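Here is a short report on one protein chain. It covers strands, core and salt bridges in turn.

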Amino acid sequence: EIKAPMPGLVISVLKNVGDTVKEGENVIILEAMKMENVIKSPIEGVIKSVAVSPSNTVEKNQILVLFE
């Protein structure tokens with residue numbers, strides 16, 4: 001799973017359910033404190049679910065993406 005490292009606003013979701021991602025690949029862009037932060041995949045795997053959409057506000061440690 002990928003959790004939000006900080007509170008912020010989801011700018012874009014770069015991957016969809018069923019996509020295969022490699023470790024270090026960009027998955028979500030999160031805006032926090034006027035800066036865009038790229039959230040990368042910590043593992044190689046297949047995305048099982050995406051829990052956020054663009055323009056969603058997230059809290060720290062909120063689950064963003066789950067892997068199979």
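A residue is buried under 20% relative accessible area, exposed over 50%, and partly exposed in between. By that scale K3 is partly exposed, because its relative accessibility is 41%. The model is predicted.

**Salt bridges**

The whole structure holds 2 salt bridges. One of them joins the side chains of K3 and E1, at 3.5 Å from N to O. E1 has 47% relative accessibility, so E1 is partly exposed as well.

The pair K15 and E25 also forms a salt bridge, with the closest N and O atoms 2.6 Å apart. This pair links distant parts of the chain. K15 sits in the loop between β2 and β3, while E25 sits in the loop between β3 and β4. They are 10 residues apart. K15 counts as buried because its relative accessibility is 17%. E25 reaches 24%, so E25 is partly exposed.

| Residue | Relative accessibility | Class |
|---|---|---|
| E1 | 47% | partly exposed |
| K3 | 41% | partly exposed |
| K15 | 17% | buried |
| E25 | 24% | partly exposed |

**The open sheet**

Now the strands. An open sheet is formed by 4 strands, in the order β1-β8-β6-β3, with antiparallel pairing. Its edge strands are β1 (2–3) and β3 (20–21), and each pairs on one side only. Inside this sheet, β6 (residues 45–50) and β8 (residues 63–67) run antiparallel and are joined by 3 bridges. V50 has V65 as its bridge partner in β8.

**Strand β4 and its partners**

Which strands pair with β4? Strand β2 (residues 8–13) does, in the antiparallel sense, over 4 bridges. Strand β5 (residues 35–40) does too: 6 bridges join β4 to β5, and the two run antiparallel.

S12 stands opposite I29 in β4. V13 stands opposite I28 in β4. On the β5 side, N26 has K40 as its bridge partner. The β4 and β5 hairpin has 2 residues between its strands. In this hairpin M33 takes a positive phi near 55°.

Strand β2 has a further pairing. It meets β7 (residues 57–58) in the antiparallel sense over 2 bridges. There, G8 has V58 as its bridge partner.

Is β4 enclosed or open to the outside? Of its 7 residues, 5 are buried, so β4 is largely enclosed by the rest of the structure.

**L30 in close-up**

L30 is found in strand β4. Its relative accessibility is 0%, so L30 counts as buried. What does L30 touch, beyond residues up to four places away in sequence? Its contacts are P5, M6, G8, L9, V10, I11, M35, E36, N37, I39 and V58. K40 is 10 residues from L30 in sequence, and their C-alpha atoms are 11 Å apart in space.

**The nonpolar core**

In soluble globular proteins, nonpolar side chains tend to be buried together. Here, the largest nonpolar core has 14 residues. Those that touch the most other members are I2, I28, V58, L64 and V65. Strands β4 (26–32) and β8 each supply at least two residues of this core.

Leaving aside neighbours within four places in sequence, V65 is in contact with E1, I2, V27, I28, I47 and S49. One of these contacts, E1, also takes part in the salt bridge with K3.

**A buried loop serine**

S41 lies in the loop between β5 and β6. Is S41 buried or exposed? Its relative accessibility is 3%, so S41 counts as buried. Not counting residues up to four places away in sequence, S41 touches I2, V21, K22, E23, G24, E25, V27 and F67. I2 is among the core residues that touch the most other members. E25 is the salt-bridge partner of K15.

Methods:
Residues numbered from 1 in each chain as written. Predicted model: local features only at pLDDT ≥ 70, side-chain atom pairs only at ≥ 80, totals over all residues. Heavy atoms only, no water. Pairing = 2+ DSSP bridges. Core = buried A, V, L, I, M, F, W, Y, C linked by side-chain atoms within 4.5 Å. Buried < 20%, exposed > 50% of the residue type's maximum accessible area, 1.4 Å probe, protein only. Contact = heavy atoms within 4.5 Å. Salt bridge = Lys/Arg side-chain N within 4 Å of Asp/Glu carboxyl O.
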